Amino acid sequence: INAINQILPTTRAGDADDFDDVGGKALEIRRWISSLLGKIVRYKAQHRHLLNEAATTLQYTLPNDILFKNVLPFLELPPFTFEEED
């Protein structure tokens with residue numbers, strides 16, 4: 001939030017009468033959102049990797065039925081996807 005708040009005040013807004021001129025603010029917001037989505041995707045991948053490591057460790061200590069029915073579903077991230085549009 002701080003990054004976009006520093007950029008927007010000095011960025012040109014665009015021309016409301018010219019639909020082809022979206023302006024710098026819209027482009028900066030799109031770039032910022034795209035950056036955030038990229039970070040979310042990386043964090044989800046990192047979470048998945050750590051989850052797999054934890055699951056492997058837990059497999060040695062818990063019976064599989066408890067692990068797969070109770071522990072792993074609790075650790076899963078929600079099934080949202082963050083896909084970028086062109």
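By helix I mean a DSSP run of H or I with at least four residues, and the numbering of these elements starts at the N terminus. The structure shown here is a predicted model. Read along its sequence, the protein chain follows the pattern α-α-α; that is, the secondary structure comprises three helices and zero strands.

Let me turn to confidence. The mean pLDDT of the chain is 76, and 76% of its residues reach 70 or more. Among the elements, helix H2 has the highest mean pLDDT, 85, whereas helix H3, residues 64-75, has the lowest, 72.

Next, the chain as a whole. It has 86 residues, of which 14% count as buried. The accessible surface comes to about 7,200 Å², and carbon and sulfur atoms contribute 59% of that area. Of the contacts with a separation of 6 or more, 38% are between residues 24 or more positions apart.

I now come to helix H2, which covers residues 23-61. Its 39 residues reach 57 Å from the first C-alpha to the last, close to the 57 Å expected at 1.5 Å a residue. The buried residues of H2 are Gly 23, Gly 24, Glu 28, Leu 37, Gly 38, Leu 51 and Ala 55.

Which residue forms a salt bridge with Glu 28? The partner is Arg 31, with the closest N and O atoms 2.7 Å apart. A search of the whole structure finds one salt bridge. Arg 31 and Glu 28 are three residues apart in helix H2, so about one helical turn separates them. In general, an α-helix has 3.6 residues a turn, so residues three or four places apart point the same way. As for accessibility, Glu 28 is among the buried residues of H2, while Arg 31 counts as exposed because its relative accessibility is 52%, and the cut-off for exposed is over 50%.

Finally, consider His 47, which also lies in helix H2. With a relative accessible area of 29%, His 47 is partly exposed. His 47 and Glu 76 are 29 residues apart in sequence, and their C-alpha atoms are 8.9 Å apart in space. Thank you for your attention.

Methods: Residues numbered from 1 in each chain as written. Predicted model: local features only at pLDDT ≥ 70, side-chain atom pairs only at ≥ 80, totals over all residues. Heavy atoms only, no water. Helix = DSSP H or I, 4+ residues; strand = E, 2+ residues; numbered from the N terminus. Buried < 20%, exposed > 50% of the residue type's maximum accessible area, 1.4 Å probe, protein only. Contact = heavy atoms within 4.5 Å. Areas by Shrake-Rupley, 256 points an atom, 1.4 Å probe, with all protein chains shown as cover. Expected span 1.5 Å × (residues − 1). Salt bridge = Lys/Arg side-chain N within 4 Å of Asp/Glu carboxyl O. pLDDT = per-residue confidence, 0-100.
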